[in-house]
Amino acid sequence: MLDGRWFDPVSARSLFEADYENALIAHAADLFPGYRCVSFKIPVESEYGRGIPDLALVDVEYRSWYVVEVELDTHRLKGHVEEQVRKFARGTYDETHANYIHKQAPDTSVESLREMMLGDQPKVLVLVTAAKPDWAPTLGQYGAQVGVIEMYRDAQDRVLFRVNGEQPSLHSDEVLSRCVPDPMLPKALKLLSPAPFLGMDELEIYVRGELTTWKIYRVADVALLMPVARDPLNALSTARFKIVRRAQGGYGLVEEY
């Protein structure tokens, strides 16, 4: 209930994907602040074959962008979602894709879009209508994020969204410390700049969309992070990371490429 109005959840089984996408575009200013959201149904070629995404999110300053795959919760991870994400993460993007975005949003700068395509690969964002806790670890190996945007409607067909999971972040994320694996403790990360966490014994950190809890242990001049439950990094444990204060709130652990 909101402001005295009752909103019912919209089941994915009663929802057409195109209707969901159109609703996301219509409410993009609130859902994806700092980004333009446009339809992006254009073939993307990759070494894994051709795929056609659903949406694109473009930073209003053209610093970065996302290829978005919209998935209803009736879709399967294996045999569908993972294969699509793999194609988009390794896809080839060029002037054709820049022109397509400009056609969807004529007020964008086509020159800036073309320059953006020459930079880093876009990130991949998978948006689902209901939480899929087993998706993030699998899709995370491709650098993809999994966001949850649940849709609700009231009796007057007004729309309300509930946002969860990972969402696009602007470059205002503040890097607090970089961290590296400790060779003696497989699950531990050594904080290279522990000062921002002075006086703190525990941190809640988002890792690939999952909120995890870490203890801070200080031994002599070394500060270590240890996960309280299972190790959320798994195969990424040999990578380098940075801890950021996220623009949307909270802390995030981000792999450095």
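Colleague: What should I know about confidence before we start?
Modeller: This is a predicted model. The mean pLDDT of the chain is 85, and 89% of its residues reach 70 or more. Confidence is lowest in strand S1 (residues 8–9), with a mean of 70, and highest in strand S3 (residues 44–46), at 97.

Colleague: Why is Cys179 called buried?
Modeller: Buried means under 20% relative accessible area. Cys179 has 1%, so the word applies. Cys37 also counts as buried, because its relative accessibility is 9%.

Colleague: How do you know how many disulfides there are?
Modeller: A disulfide needs two cysteine sulfur atoms within 2.5 Å. A search of the whole structure finds 0 disulfides.

Colleague: What makes the buried residues of helix H5 a single side?
Modeller: In H5 (residues 110–118), the buried ones are Val110, Leu113, Met116 and Met117. They cover an arc of only 115 degrees around the axis, so they sit on the same side of H5. In general, an α-helix has 3.6 residues a turn, so residues three or four places apart point the same way. On the other side of H5, Glu111, Glu115 and Leu118 are exposed. The cover over the buried residues of H5 includes strand S5 (55–59), strand S6 (65–71) and helix H4 (95–104).

Colleague: How do you know where the buried residues of H1 lie around the helix?
Modeller: Helix H1 (residues 17–26) has Tyr20, Glu21, Ala23 and Leu24 buried. Seen down the axis, they fall within an arc of 160 degrees, and therefore line one face of H1. Among the elements covering them are helix H2 (28–31), strand S7 (123–128) and strand S8 (145–153).

Colleague: Why is Thr108 called buried, and where does it lie?
Modeller: Thr108 is in the loop between H4 and H5. Its relative accessibility is 10%, and the cut-off is under 20%, so Thr108 counts as buried. Leaving aside neighbours within four places in sequence, Thr108 is in contact with Arg36, Tyr62, Ile101, His102 and Leu113.

Colleague: What makes the pair of Thr108 and Ala105 a polar contact?
Modeller: A polar atom of the Thr108 side chain lies 2.6 Å from the backbone oxygen of Ala105. The limit for a polar contact is within 3.5 Å, so that distance meets it.

Colleague: What links S12 to S13?
Modeller: S12 and strand S13 (residues 210–219) pair in the antiparallel sense over 6 bridges.

Colleague: Which residues of S12 are on the covered face, and which on the uncovered one?
Modeller: Leu203, Ile205 and Val207 make up the covered face, while Glu202, Glu204 and Tyr206 are on the uncovered one. As a general rule, side chains in a regular strand alternate between the two faces of the sheet.

Methods: Residues numbered from 1 in each chain as written. Predicted model: local features only at pLDDT ≥ 70, side-chain atom pairs only at ≥ 80, totals over all residues. Heavy atoms only, no water. Buried < 20%, exposed > 50% of the residue type's maximum accessible area, 1.4 Å probe, protein only. Helix = DSSP H or I, 4+ residues; strand = E, 2+ residues; numbered from the N terminus. Arc of directions from axis to C-beta. Contact = heavy atoms within 4.5 Å. Pairing = 2+ DSSP bridges. pLDDT = per-residue confidence, 0-100. Polar contact = N/O pair within 3.5 Å; in protein donor to acceptor, adjacent residues only side chain to side chain.
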